[in-house]
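Hi there,

Here is the structure I promised to pass on to you. Please have a look at it first, and my notes follow below.

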Amino acid sequence: MQHASLLIRGGVVITMDPARRVIDDGAVAVSGDRIAAVGPRAEVEAVWRATQVIDAKGRAVLPGFIDGHAHAGHGLVKTMGGGDSEAWSEACRIIYTLASPPSFWRAEAELAALERLRNGVTTGVSLLGGGDSIMRTDNPAHGDAHCEGVAAVGIRAIVAVGPTRPPHPREYASWESGTERRYPVSFERQAETCAALIKRWHGAADGRIAIATLMPVYREATHDAAKVAEIERQGRIMRELGRKHGTLFHQDGHRSGSIEMADRMFGLCGPDAFFSHCTDLTEEDIETLARTGTAVVHNSSAIAQVRGHCPVPRLLEAGVTVMIASDGTAPDRGTDMFRHMVMCARVHQRAARDERLMPPGKLLEMITIDAAKGIGREADLGSLEVGKKADVITVDLATPHAYPPNMPVHRVVWFAQGSDVRDVIVDGRVLMRERAVPHLDEAAILAAAARETETMLARSGLGHLTHVDPGWGRVRL
């Protein structure tokens, strides 16, 4: 008899392994931070005994979900603007440069990571900012605070850091002792901040924290040689920085020819790169993605999918790795990956008038094993296989909305929701048990989020954006 640190038994184990085994009355044994056994419960229990046991009867047992694109900071600004995208983007610019000290980033990180944990997301990508490429990379203290907050919650994170869009310098502000001090920030200073964060955090928290480098997306065709040269110089510096330290490379907001341009003009594509949104792509864009091995992040519930269309079925047929992500949190969406799977199916079924598109098995792959491939972690994340990291969740299927008790993959995708996640294990450590997260003071996290939000609104002068008519009785805002 062998000893395991944890045994999860009695559930329907949806392995996402190469054979895509679905094991009724299955079990997963965990030893330390790795999966030691996966199989029928009787077979696993004949070999393994465990210190800690989770009874998963009536539940699905799955690899932890991977959210391949979201934004740090947004958790405390997501209610602002009431659907006015221009006001929202301008608010992000003001807040992320002028009204967000490290305490803001720490409070938001804990809030957002706790939300992800409760939704079964064990690995999440977060850009350190948002709006139109507004990154909080003037000083490492803000990135430090974010990483510290995520590490305290205990999930995995890939934090994407990079420069803001030119021209530089850009004005930022600090709030030491409650007093505003403004200062200009150059591209070089932002690059130095990114290098410092890579040195401090890439591989930190027992490997749960990673850093990715980032560049703003350039979509406009330009004949301005000086502008092209500056974009190329900045892109080369960020790409070389990432390659030197073995980080991923990320971009947010590709569309309509920008991917082909990114490869042809700036050399930004590659198997270590993953690009978000990717709407209204040209044939040249798709060919570039397939040829270079660049992955795509499809934010099926995002506003970008309203303004354009990511051709997910066409990309998959071309051999491009596509993952589903939340683009959260934001004014109209959170990090419930069940919601985003269903939205992905409906978006593409409606576009093609074909309800056979995007079956539940493929949707589940896109937030597990395909997403792991997209972030370069297919070898140790994304499926329940012996030797892989023990990132495991259980999902309650013994509920009225998830009955009758058959076809478990369909029920997980079409009927389950984030609040059905009962248990979350990351790196072999039980972070959530029966919806309880004992290592965190949830009330304190919420209080800090509320306090930092009120301080931010006062400093930014944007409190009016939290008092917006919801549109009673109208069909258009």
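Let me start with a loop: Cys-278 sits between β15 and α8. (Helices, H or I with at least four residues, and strands, E with at least two, are DSSP runs numbered from the N terminus.) The phi of Cys-278 is positive, about 55 degrees, although the residue is not a glycine. Cys-278 counts as buried because its relative accessibility is 0%; buried means under 20% relative accessible area, exposed over 50% and partly exposed in between, with a 1.4 Å probe and protein chains only.

Before going further, a word on the source: this is a predicted model, in which local features need pLDDT of at least 70 and side-chain atom pairs count only at pLDDT 80 or more, while totals for chains, interfaces and linings use all residues. Residues are numbered from 1 along each chain as its sequence is written, and side-chain values use heavy atoms, with hydrogens and water left out.

Now to the sheet. Eight strands make up an open sheet with parallel pairing, in the order β6-β7-β10-β13-β14-β15-β16-β17. At its edges are β6 (65-67) and β17 (322-324), each pairing on one side only. From one strand to the next, the twist averages 25 degrees. Two strands pair if DSSP finds at least two bridges between them.

A right-handed β-α-β unit is made by β14, helix α7 (residues 258-266) and β15, and another right-handed unit by β15, helix α8 (residues 283-292) and β16. Right-handed here means that, with the strands pointing away from the viewer, the path from the first strand over the helix to the second runs clockwise.

How do α4 and α5 cross? The axes of α4 (residues 140-153) and α5 (residues 187-201) come within 9 Å and cross at roughly 30 degrees. (Axes are lines fitted to C-alpha atoms, for helices over the stretch in contact, and angles run from 0 to 180 degrees between N-to-C directions.) On the α4 side, Pro-140, Gly-143, Asp-144, Cys-147 and Glu-148 meet Thr-193, Ala-196, Leu-197, Arg-200 and Trp-201 of α5, where contact means heavy atoms within 4.5 Å.

There are a few backbone details to check as well. Pro-166 and Pro-167 are joined by a cis peptide bond with omega about 10 degrees, and Pro-167 is in the loop between β10 (156-161) and β11 (170-174). Another cis peptide bond runs from Gly-328 to Thr-329, with omega near -20 degrees; Thr-329 belongs to the loop between β17 and α11 (337-352). Finally, Glu-434, in the loop between β20 (429-432) and α15 (442-460), has a positive phi near 55 degrees and is not a glycine. Glu-434 counts as partly exposed because its relative accessibility is 34%.

Happy exploring!
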